[in-house]
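Here's a quick briefing to read with the model open beside you.

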Amino acid sequence: MNKHIVIIGSGFAAYQLVKSLRKQNELTPITVITADNGDDYSKPDLSHVFSQQQTANDLIKQAADDFARANNITLMPNTRVKAIDSTKQVVHFNDHCIGYSDLVLATGATSFIPPFSGNGTDEIVTLNSLMEYEEQQDKLATAKSVLVLGAGLIGTEIAMDLATSGKKVTLLDRATSLMPTLLPSFISANLYQTMQEKGVDIKLGKEVKTITRHHQELIVTLQDDSYQHADVIIAAMGLAPNTQLAQESGIDVAKGILVNQHMQTSINNIYALGDCAELNGKVRAFLQPTMLSAMALAKTLLGSPTPVQLPASLVKVKTPWLPLHLSGDTTSDNLMWEVKQEPEGLVAKAFNQTTGDLAGFIVSHNQLKAAFPLLRLLPVE
């Protein structure tokens with residue numbers, strides 16, 4: 001078969017791969033099949049659309065048709081892939097099919113929503129894509145009170161941005177601290193105090209029992225039988241990699257689609273990239289590892305097999321009341337912290353208690369620039 005690369009998906013991973021391929025080769029046929037309309041946008045911008053008073057259209061960096069022309073690709077928007085025949089190397093959709101020499105699954109992830117009880121559960125809003133925001137932006141713009149479920153990275157960022165825009169905000173989580181997978185207790189407590197002082201009502205250690213619609217309000221009943229009222233409920237409770245298509249195609253799947261160092265799945269000529277891929281036991285939902293993986297995969301697809309090598313990734317937390325950059329291991333029990341609180345910000349270094357090596361760090365405010373020399377000292381992931 002002549003070279004023809006087919007990519008399923010049009011998020012950051014898919015379009016980063018397209019750009020990386022085109023930097024090396026302008027002519028190899030590339031087809032992108034996507035369930036949405038294919039506009040190119042920056043997903044992290046969704047965390048501050050409220051304070052910036054932005055609509056979905058404001059976030060578009062390049063319209064789908066313009067992106068397709070600029071990168072010389074065939075774009076098939078609003079198209080769902082039904083099946084993959086890996087023996088014949090064919091993708092099926094809309095009673096049609098298309099052949100591939102190499103297939104890349106960049107199917108992303110879906111916002112996780114537990115199976116709550118109540119007649120209001122179908123009104124829960126998620127903000128994991130431009131299309132989701134577009135569908136809900138009018139409702140969000142007119143809401144006076146918003147309940148955010150999930151106090152992880154995205155939920156905390158969204159809650160702060162909503163409050164900055166003037167809305168009454170409640171942030172609720174079953175966890176007992178903010179961003180527990182990223183922040184140690186002493187920084188999480190600082191963030192908690194900062195947000196409380198700015199008017200965010202934070203409810204931690206709380207579990208949702210039911211969500212019901214009552215006239216103009218949604219009522220959330222908690223396990224302790226207390227109530228929360230809101231005009232809109234946003235779920236930011238984590239992401240579930242979209243693995244169904246891969247699984248139905250006989251590709252090995254765990255939490256994500258399993259890939260080796262070349263991003264290849266268990267089936268030859270099929271690769272996975274981005275939020276849906278699991279490399280070395282981890283699904284990496286941040287931009288930097290996806291970008292580096294896309295650059296390596298582009299070389300592999302064009303005939304120069306290149307293993308993915310991931311240095312420690314910098315996580316930039318978009319919480320302007322307490323801006324943070326962090327990397328490495330910042331939450332393990334086996335850490336010893338060295339903390340310097342300067343007038344211009346905090347520098348916290350985490351060392352492995354057993355080896356004494358630097359394991360991770362967190363910097364804040366005007367010390368953010370200190371992140372880059374520290375990043376170079378961390379081990380490769």
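Before we get to the strands, here's the ground rule: two strands pair if DSSP finds at least two bridges between them. Helices (H or I, at least four residues) and strands (E, at least two) are DSSP runs, numbered from the N terminus. Keep in mind that this is a predicted model, where local features need pLDDT of at least 70, side-chain atom pairs count only at pLDDT 80 or more, and totals for chains, interfaces and linings use all residues. Residues are numbered from 1 along each chain as its sequence is written, and side-chain values use heavy atoms, with hydrogens and water left out.

**Two hairpins around β7**

- Strand β7 (residues 90–93) is joined to strand β8 (residues 96–99) by 4 bridges, and the two run antiparallel. Here valine 90 has glycine 99 of β8 as its bridge partner.
- The hairpin of β7 and β8 has 2 residues between the strands, and asparagine 94 in the turn shows a positive phi of about 45 degrees.
- β7 also pairs with strand β6 (residues 81–85), again in the antiparallel sense, over 4 bridges. Valine 81 sits opposite phenylalanine 93 of β7.
- The β6 and β7 hairpin has 4 residues between its strands, and glutamine 89 takes a positive phi near 55 degrees there.

**The sheet of 3 strands**

- This open sheet runs β14-β15-β16, with antiparallel pairing. β14 (208–214) and β16 (227–230) are at the edges with a single partner strand each, so one side of each has no neighbour in the sheet.
- From one strand to the next, the twist averages 20 degrees. For angles like this, axes are lines fitted to C-alpha atoms (for helices, over the stretch in contact), and angles run from 0 to 180 degrees between N-to-C directions.
- 6 bridges join β14 to strand β15 (residues 217–222). Arginine 213 has leucine 218 in β15 as its bridge partner.

**The sheet of 5 strands**

- The order in this open sheet is β23-β24-β27-β26-β25, with antiparallel pairing. At its edges are β23 (315–317) and β25 (335–342), each pairing on one side only.
- Ignoring direction, neighbouring strands are turned by 15 degrees against each other on average.
- Strand β24 (residues 324–328) and strand β27 (residues 358–364) share 5 bridges in the antiparallel sense. Glycine 328 has glycine 360 in β27 as its bridge partner.
- Helix α5 (residues 185–197) packs on this sheet, touching β24, β25, β26 (345–352) and β27, and its direction makes about 155 degrees with that of β26. Contact means heavy atoms within 4.5 Å.

**Helix α1 and its neighbours**

- How far apart are the axes of helix α1 and helix α7? Helix α1 (residues 12–24) packs against helix α7 (residues 287–301) with the axes 8 Å apart, at an angle of about 45 degrees.
- α1 and α7 are therefore oblique to each other (under 35 degrees counts as roughly parallel, over 145 as roughly antiparallel, 65 to 115 as roughly perpendicular and the rest as oblique).
- Residues in the contact include Phe12, Leu17 and Leu21 of α1, and Met291, Ala294 and Leu301 of α7.
- The structure holds 3 aromatic pairs. In one of them, the ring centres of tyrosine 15 and phenylalanine 67 are 3.9 Å apart with planes at 20 degrees, so the pair is stacked.
- That pair links distant parts of the chain: tyrosine 15 belongs to helix α1 and phenylalanine 67 to helix α2 (residues 64–70), 52 residues apart.
- Rings of Phe, Tyr and Trp (its six-membered ring) pair if their centres lie within 6.5 Å; planes under 30 degrees apart count as stacked, over 60 as edge-to-face and the rest as tilted.
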